[in-house]
Amino acid sequence: MAKQFQNAFFAAILAGVIIAPIFGFQILRVGAETTLASDWPMIGWGMAVVFVFQLLRPYLTRWLSGRQTRLTLPTINDKTRQAALLLIVALALVWPFFAGRAEIDIATLVLIYVMLGLGLNIVVGFAGLLDLGFVGFYAVGAYTYALLYHWAGWGFWSSLPMAGAMAALFGYLLGFPVLRLRGDYLAIVTLGFGEIIRLLLINLYPITGGPDGIAGIPKPTVFGYVMARRAPEGETTFHDLMGWKFNNVDVIIYLYILALILALITLFVSNRLVRMPVGRAWEALREDEIACRSLGLNPTGIKLSAFTIGAMFAGFGGAFFAARQGIVNPESFTFIESALILAVVVLGGMGSQLGVILAAILLTVVPEIARQFAEYRMLIFGLVMVVMMAWRPQGLLPVKRPHVEL
């Protein structure tokens, strides 16, 4: 008990040291005078919460482990699963016609992170390669569409395959320097790759626009018809073709449906890949590279395929992001984005596709709901990740691996 009390005391002191400079002191400016105000009650409450939590941690752990029970879920056949999936997709397609503009916009952002999470899940979850620079492929896809439109006048649909191909090419090229690396060294190299891409976008001012980026990127067309209030000279808008009255919400709904289609394609392709020999090879590489090599598999090709395919999905998501925003700049592709995408994979469960989707929804929707705690967002985010790693390191929905019981 004394040891436990001592640990809780030192944890509370450390929490006070961390909380004090961030939330305990505020700079107030009244006229020409600047004063430093302190919020001691908040520091005290934070230290008290940490102290009580650390003091009761062994009892909470024992209580939670004692309440764990094995749930037997009913067996679901393939037809029932397909029917449930079709019902969910139908509801997702119908829902935006009855929702508000803000809700549809948030749902579109969720689907972008679903695409990115599923792409990174191939690299981290299936192949076991820690990638901290995944946002670099995201940026390559976004800037590919932006540059093709700005310099060559290409539209979204003609640029989308090129965005995926360019991101896949960068993923393939990144695979070569990291063939002999693993663990922390692999993470450092991929982190450097993401930062190199961002700095190149800033410094290649004549091509990329530098820190200002590229603006005026058009939205995707509908079978060649512009989805806007007015069409360029010689073209017809989609609303005029259908005889509808233009509404800005229609564009938001169209972008949502397009993001949903891209996310479903990403889910379908990644789900099929993991069942194919290449997916089994990824899992073998993740479990033991030496054993993988002894079975006659080529780790070089396996790593390159994981980086290439995962980067391709990030390129598709980047091209859609550029079309949705209408502007791209390097500040949209910082390390925080890579950390957030990696958190989606880890929080949902590495290798679990349903877990990635659930985590993308939680990490995107919850901050939008709790806007009054916006200044504490990163603190809460870090606390949630620490709690998850302590009590459920396998993620929210861990993947079920086939096994044989003797």
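The model is a predicted one, in which local features need pLDDT of at least 70, side-chain atom pairs count only at pLDDT 80 or more, and totals for chains, interfaces and linings use all residues. Residues are numbered from 1 along each chain as its sequence is written, and side-chain values use heavy atoms, with hydrogens and water left out.

**Overall fold**

The protein has 16 helices and four strands, where helices (H or I, at least four residues) and strands (E, at least two) are DSSP runs numbered from the N terminus. Of its 406 residues, 39% are buried; buried means under 20% relative accessible area, exposed means over 50%, and partly exposed lies in between, with a 1.4 Å probe and protein chains only. Among contacts (heavy atoms within 4.5 Å) between residues at least 6 apart in sequence, 73% join residues at least 24 apart.

Helix α13 covers residues 299–325, and its 27 residues should span 39 Å at 1.5 Å a residue, which agrees with the 39 Å between its end C-alpha atoms; the expected span is 1.5 Å times one less than the number of residues. This helix is mostly covered, since 22 of its 27 residues are buried.

**Salt bridges**

Side chains of opposite charge can pair when their charged atoms come close. The structure holds six salt bridges, each being a side-chain nitrogen of Lys or Arg within 4 Å of a carboxyl oxygen of Asp or Glu. The table lists some of them.

| Arginine 280 | Glutamate 283 | 3.9 Å |

Glutamate 289 is buried because its relative accessible area is 12%, and lysine 303 counts as buried at 2%. Salt bridges that share partners join Glu289, Arg293 and Lys303 into one network.

Arginine 280 and glutamate 283 are three residues apart in helix α11 (residues 277–287), so about one helical turn separates them. Arginine 280 is partly exposed, with a relative accessible area of 44%, whereas glutamate 287 is exposed, with 55%.

**Aromatic pairs**

The whole structure contains 11 aromatic pairs, where rings of Phe, Tyr and Trp (its six-membered ring) pair if their centres lie within 6.5 Å, and planes under 30 degrees apart count as stacked, over 60 as edge-to-face and the rest as tilted. One of them is the tilted pair of phenylalanine 137 and phenylalanine 193, with 5.2 Å centre to centre and 40° between the planes. This pair links distant parts of the chain, because phenylalanine 137 lies in helix α5 (residues 135–152) and phenylalanine 193 in helix α7 (residues 184–203), 56 residues apart. Both phenylalanine 137 and phenylalanine 193 are buried.

Phenylalanine 156 and tryptophan 157 form an edge-to-face pair, at 5.1 Å centre to centre and 75° between the planes. Phenylalanine 156 counts as buried at 3% relative accessibility, while tryptophan 157 counts as partly exposed at 40%.
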